[in-house]
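Subject: A structure to look through

Dear colleague,

I am handing over a structure that I would like you to read slowly, with the sequence beside it. My notes on what was found follow below it.

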Amino acid sequence: MACKNRCNMRKYLPVQQICDGSSDCADGVDETNCESDDPAVASCVHFQQKQDLNVQNIVVIHESVRCAIFDMGRSPALYPYCADFMDQTNCTHVSRVGGYCEVNGFQSTISKIMICGGNKQLCDDNSENNCIYASSKCRVHKHRLCDGEQDCPDGSDENHDDCNSMTKDQTCVRKFGINEKNMILPHSWIMDNEPDCLDGLDEMENRWDDCLGSRSKDKYDSSVSCNDECDTNDCKDESDCNNRSYGMVCKTRCNMKTYLPVQSICNGFSDCSDGLDEENCELDESAVPSCVHFEQKEEKSLEKVVPISNRTRCAIFNLSARPPVYPYCTYFEDQTNCSDTNRVGGYCEVKGFQSTISKTMVCGGNKQLCDDNSENNCIDASSNCRVHKHRLCDGEKDCPDGSDETLDICNSEPQNVTCVRKFGIPGKSTTIPGSWVNDNELDCLDGLDEDMWNQAEQSYSCGTETYRSRAGRVNKCRNSFVCPGVDNKNSVTIELFCDSKESCEGRENEVCETSKDFFSTKRIIEKSHKSVKDLCGKTNTSVCQENEFDYHTVDIFGVERTKLYLPSEPIDCSDKFGEHYVYLSCMGRCDNTSCPLKSDALKQDSCPEQYSERIYTLANNSYLTFVTKSEGRYHNDYYECDNGRCVNFSQVCDLVNDCGDMSDERNCKNHFTCEDDDKVLLGFEQKCDGVYDCHDLSDECNDFCGKLIISDLMLTRLCWSIGTIAILLSCRTLVSVLQGMKQSIKYENILYTKVLLMLVIMGNLLMAVYVITLSIYDIMYGAELCREQAHWLTSAKCSALGIVSTIGTELSIFSLTFLTILRLYNVSNRSAIVPVTRSSVSKITLWTAMIIVAAVVVALIPLTPGESFENYFTQGYFYEEDYKLFTGFNSKVKHVNILEKYYSTGNSSANVTTDMSWKEISALVEGMFTNDYGNLTVNRVHFYGNDKICLFKYILRPEETMVYQQGNVLTWIVLTLNSACFLVMLIAVVWICIVREQSSKKGDPKNSEHDRTRYFERLILVIVLSDFVCWTPFAIICILHNLNIADVSSWYNIMSLTLLPLNSVLNPLICLIKMGVKKLFNQTLQETFQRFPGVKKGEPRQGKCNCKGSCNCNIEMNSVAPVPQRVGLFANPTWIPLATDIEPDTTATEHDIEPDTTV
């Protein structure tokens, strides 16, 4: 309508503004004559008022609004006049007429805009939407095909297949064709139960009976011939293949040579002019194969029994074509016993008899022919390819993308297991996947896959047992795993073991899961939030916000958006999985993480052959999508994989390849991917957790963990520094002590002191050698240690390092303890000096030997051979890498868990407990494999292999504090013994100080002489205190850890490589410092005496001398002579008497040195 508005300007009003309840024209003409009480007047519900105001306003349909153009896809939308589109009928302008149909029971014209309008239905039979894609870019109504008018820009509507089957005798006015134009009809439209002619003549019987036979195409592309698929409307392309003919060729009543498909043979109607197609259709004898004619049964409900001939056997048919191409027999008996071997699709029993069936019947859905329906055992290898199970992994590509040869099941093929598959390549023997064996489904034509255990040639002997292998004859017994259960001695090769495929009747992987090594089913998906509506987790609830999940920004009719409670700020989502991860990441609540979902919503044809309960609905009022209903609500929380398969949100980013092509996990940032061929997905908590989940150890051997023996760079430098300095100082100190032994050898107590001090320094030297050697091995192994740790921890090198470090530690502690007790005894009893005798030499030799033997015994006890000692000190086993079940370090607890699972299946009498000996455990492990006894290679993890630094086992693993306490006795004994030694040393040193203090207060006449002996006591005191400061914190921390009070596992190596070796530097350093101070003091005194007047360098001083302390006197007491220089610990360049050197005296004490025999 055109009118003037209130501004007196002429404007155009679209039909949606007429009778819309609001006057847009100044004179109100747009709102006049909008209502009528006459039921004969055409009326409808106004579209815009219903759409915008939800008001059901009935308005009159004026001629001016009929068949007006509208566009609801634009913005703002341009609506039609009527809500039910009745304004698009009975167009007054012929140019707007798009077709003819019945609307509400009355024949009407409808506008062109309603043709191919999708969901905008107007005709009673929805025939206006009977449209097809003539090409990928052009969609037209069926009746605009082959009409001589080019509707598509590329002319594809005139090159359609239907255009090749037309004759001039079949013409009419098409319902949705060019108005009033009489046009030729394609043969396939005749009698197809769809009226195409305006007068309906195409569906009238006998209208074109004389020419029905000419419905087949005259020409077709030869490249599609004999490909076992119907590529023409009557399957003529498959009628002459492999020197065999199917169907019949004859002349029709129109005198046209044509092809008759098998459905037209013996159908009771003669299509051939000579009636050849209806000859020999009666049964002469009961022995002739026969069946009920399909077309007669389907279209006329007649049970007509007809004979089956070679021309009708295994003919190609297509029930989904329009019109359909029927098979010959109602129950598909014609698809059995194919005379053409190239048409054979498989073998099965049909009505109790072994038969071949045609390829057309394989994966035919509801078309069952085999008694067990095995021909329909098919899978979707990809979204566009569905094949029979037996065509998988056969070396032949059946899918265009080759997906039938790349599925996971193809990676689990056992060795030497081959047979002819029932529905595989006829006559070709191929390897079958291991999971098909004994799965209660016959896959091999000879049934070998379900009866392999009973094949005589599969039996073999190992040791005293005879086994049956589902992998063919096994040449090496050690390479097979005996399936759980004592009733059946079945085995599977190591290559197939723990491969996530069941090869032992459903029990193999139960054992593999228990081992937790090299098996991908271990999941750490957090399930703490039962409801996905609350994803705030542990964050402060005050910062949580209520949100609607709106990632797609798509409005789906009938679906409410999921309500979520989300944190207001992004959080770490590395521990979130499934729908938790999807909701958080897609709502922008994850740090450095993008949404894994695709931007578009699902279409109506997404997820083919899934969700049969789907319900179609509108998305954004523009296209169809689908939803499903569960728990009383409609939802569409599905993810479309790259291969076309769909999974729920809960299956996205859940560490499982649910799509099959990894697309559901590819864009997720919550996992670690193994570097091996399996590409197993692991949660970040499984990385560097000490458990091997990847076949190539990459989860434990990477840049973040398990790299070196000494993993910290600063600790490595410290070890090199401590070791080098300790070796140099210890060697220098030992040389000095050995040099001083020449003078000290004459007196017993001095000999004891220096020998014991030398043992202390030797112990420190051994500890320093351990640190340096460990540092050298750290460089030699480098980053490969993680993968080589089995060899390192079980090697003689590691044992030797443990022995050296233990001997060094215990030698120092025992020697220092003995020395301290000896000094305390002498001080307390004021023992007199005793010259060295044979007895004293024997005594110190015995004591020295006892100390060394004690240290060596402590170090060697854990490595003592024998079953009893093995039970006490063996930490675990490393097995051959092939035995995936026991890969990595296997403690007793892990052995027990695996053995319990293995021997709990079946009727095993094995009693698996933690009290078993290692010998009993080894026997049970050997029983799991078909090895000749003794062939199972095992490396024992010794006592010093408890940790990669190969130190004495001062701390226990958590599992060891709960089970098998006997093996921990030595740890507690040594910790207690060493702590007791330091306690004794501390008490002795304190007691010596007390005795000295009491002697000083009492004015002991010998006090002045005893003051001269404190050099050794002070030296011992400083050494004891330094050792006490280093060892005591270490011992206390280890005890607290072993009592489960504190966990020091993470920094035990740092403690061990700093506190324990530190004494190796301090002790020799203290000795050398003491010696240096004494040397400096002696030099000072020498220079002072030489400054006296009248005394020349090198001359004796004349005069009286006080012989009580500072010099030696000659017989006349009138001169002082220089004493010869001494060597060793107390060496001086020019000897000056000190507190430890006294004049010869019969009352001299043990602290006094050898007297000068010339005095």
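Of the 1159 residues of the protein chain, what percentage count as buried? The figure is 50%, where buried means under 20% relative accessible area, exposed means over 50%, and partly exposed lies in between, computed with a 1.4 Å probe on protein chains only.

Please keep in mind that this is a predicted model, in which local features need a pLDDT of at least 70 and side-chain atom pairs count only at pLDDT 80 or more, while totals for chains, interfaces and linings use all residues. Residues are numbered from 1 along each chain as its sequence is written, and side-chain values use heavy atoms, with hydrogens and water left out.

**Confidence and overall make-up**

The pLDDT, which is the predictor's confidence in each residue on a scale from 0 to 100, averages 76 over the protein chain, and 76% of the residues score at least 70. The chain has 16 helices and 39 strands, these being DSSP runs numbered from the N terminus, with helices (H or I) of at least four residues and strands (E) of at least two. Over residues 212-218 the pLDDT stays under 50, and the model has 27 contacts beyond four places in sequence for them, a contact being heavy atoms within 4.5 Å. Over residues 1091-1159 the pLDDT also stays under 50, and there the model has 128 such contacts. Among contacts in the chain between residues at least 6 apart in sequence, 53% join residues at least 24 apart.

**The nonpolar cores**

A nonpolar core is a set of buried Ala, Val, Leu, Ile, Met, Phe, Trp, Tyr and Cys residues joined through side-chain atoms within 4.5 Å. The largest one has 75 residues, and those with the most contacts inside it are I709, Y770, L774, W792 and Y954. Several helices give two or more residues to this core, among them α5 (713-744), α6 (748-781), α7 (785-793) and α8, and its largest share, 16 residues, comes from α6. A second, separate core has 24 residues, including C34, F70, V103 and F176.

**Helices α8 and α9**

The axes of α8 (residues 796-829) and α9 (residues 838-860) come within 8 Å and cross at roughly 145°; axes here are lines fitted to C-alpha atoms, for helices over the stretch in contact, and angles run from 0 to 180 degrees between N-to-C directions. Where the two helices meet, the residues include I803, F814 and S815 in α8 and W847, I851 and L860 in α9. By class, this contact has 14 nonpolar, two polar and one charged residues, where Ala, Val, Leu, Ile, Met, Phe, Trp, Tyr, Cys and Pro count as nonpolar, Asp, Glu, Lys and Arg as charged, and the others, Gly among them, as polar.

Leaving aside neighbours within four places in sequence, S815 is in contact with L756, L759, V760 and I851.

**Backbone details in loops**

Most residues other than glycine have a negative phi, and most peptide bonds are trans. Against that background, a cis peptide bond joins S75 and P76, with omega about 0°, and P76 is placed in the loop between β4 (58-60) and β5 (97-103). N90 is found in the loop between β4 and β5 and has a positive phi, near 50°; its relative accessibility is 38%, so N90 counts as partly exposed. C226, in the loop between β10 (182-186) and β11 (240-241), has a positive phi near 55°, and at 34% relative accessibility C226 counts as partly exposed.

With best wishes
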